[in-house]
Structures are given as C-alpha cells and as structure tokens.
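Me: I am new to this structure and would be grateful for a close look at a single part of it. Please describe how the strands pair and which ring contacts accompany them.

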Amino acid sequence: MEKFDKWNEEKKILEWKKSEKFYVNIREIWFTKMWINLWFEENWKTEFLRPVLVLKKVWNLFFTVALTSKWKENNNFYYKFNNISLNNPKYKDSSYVILSQVKVMDKKRFFENIWSIWKDDYIEIKKRLTKLLL
C-alpha cells in the first residue's frame, strides 16, 4: 500500500502544477512522471520517472511510447535506435523503444527533456507502429 500512497502524493503535485512555459516536440525523448505499471508493462526506475519518445502532439496531449534499456526476444515489439548520440549521462541506457506501449499523456507529466532522436529512426518507428497497430 505504501507505493500507492507515494504515487497519490506525487499525483496531487502534478494535478496542481502550473502550466510552465516549455515546448515539447516530436522526436524528443523526455522523462515523464508515471505510476507503477502492472503485470507485463515496463516500470519506472526512480521517482516515478520513465523515459518516453514523443510521437505526435495534439494541443497539450502527446502520443508517446515508452523506452527501456532491456532487449526482449520478440523483435516485433522492440526497436533499437540506429543513430543515437547519447550526450546525456543521466540516461544513456534507454536505447530501445517498446512499440506495444503507446500512451497519451498530458503536458503536466513531462519533467525533463533528455535528447532527440534522428529523423530516420523516427520514420522507422512510425512505420513499425502502423504495422503493429493496424
């Protein structure tokens, strides 16, 4: 129950967070605040922070996909970045996209911009997601 209480406190802070003046763009990878996931979903690492790739922007909502540092055997659901330049030592291990974990998020969840991916990777991720979802 303690993990639920901790997330509840975090959620209250997020709910009343003022709209800060910052921009979120497609192809960017951000740390976002997420609650602990269940069963087969990937969990956050620390302080409810989870890296995500921004796929599409619709006003203050963003279609995102989760990142991970662990490769799974099923290659259809994972994509490894080809041309990544990891200049950010905080999170240099997130080099795989979990294509099956698409999520819509409010701008209030966005915490810190990590880096941007190359356009070629973004196009390939969109192709694979289209194939997977449709």
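Reply: Strand S3, covering residues 61-68, pairs with strand S5, covering residues 96-106; the two are antiparallel and share seven bridges. This description rests on a predicted model. Within the pairing, Val-65 has Val-102 of S5 as its bridge partner. Strand S5 also pairs with strand S4, residues 78-80, again in the antiparallel sense, and here three bridges join the strands. On this side, the residue of S5 that stands opposite Lys-80 is Tyr-96. As a general point, side chains in a regular strand alternate between the two faces of the sheet.

The aromatic rings may be considered next. Two aromatic pairs are found when the whole structure is searched. In one of them, the ring centres of Trp-30 and Phe-110 are 5.6 Å apart; the pair is edge-to-face because the ring planes meet at 80°, and an angle over 60 degrees counts as such.

The charged end of Lys-33 sits over the ring of Phe-111, at 5.1 Å from the ring centre.

Methods
Residues numbered from 1 in each chain as written. Predicted model: local features only at pLDDT ≥ 70, side-chain atom pairs only at ≥ 80, totals over all residues. Heavy atoms only, no water. Pairing = 2+ DSSP bridges. Helix = DSSP H or I, 4+ residues; strand = E, 2+ residues; numbered from the N terminus. Phe/Tyr/Trp six-rings, centres within 6.5 Å; stacked < 30°, edge-to-face > 60°. Lys NZ or Arg CZ within 6 Å of the ring centre and 35° of its normal.
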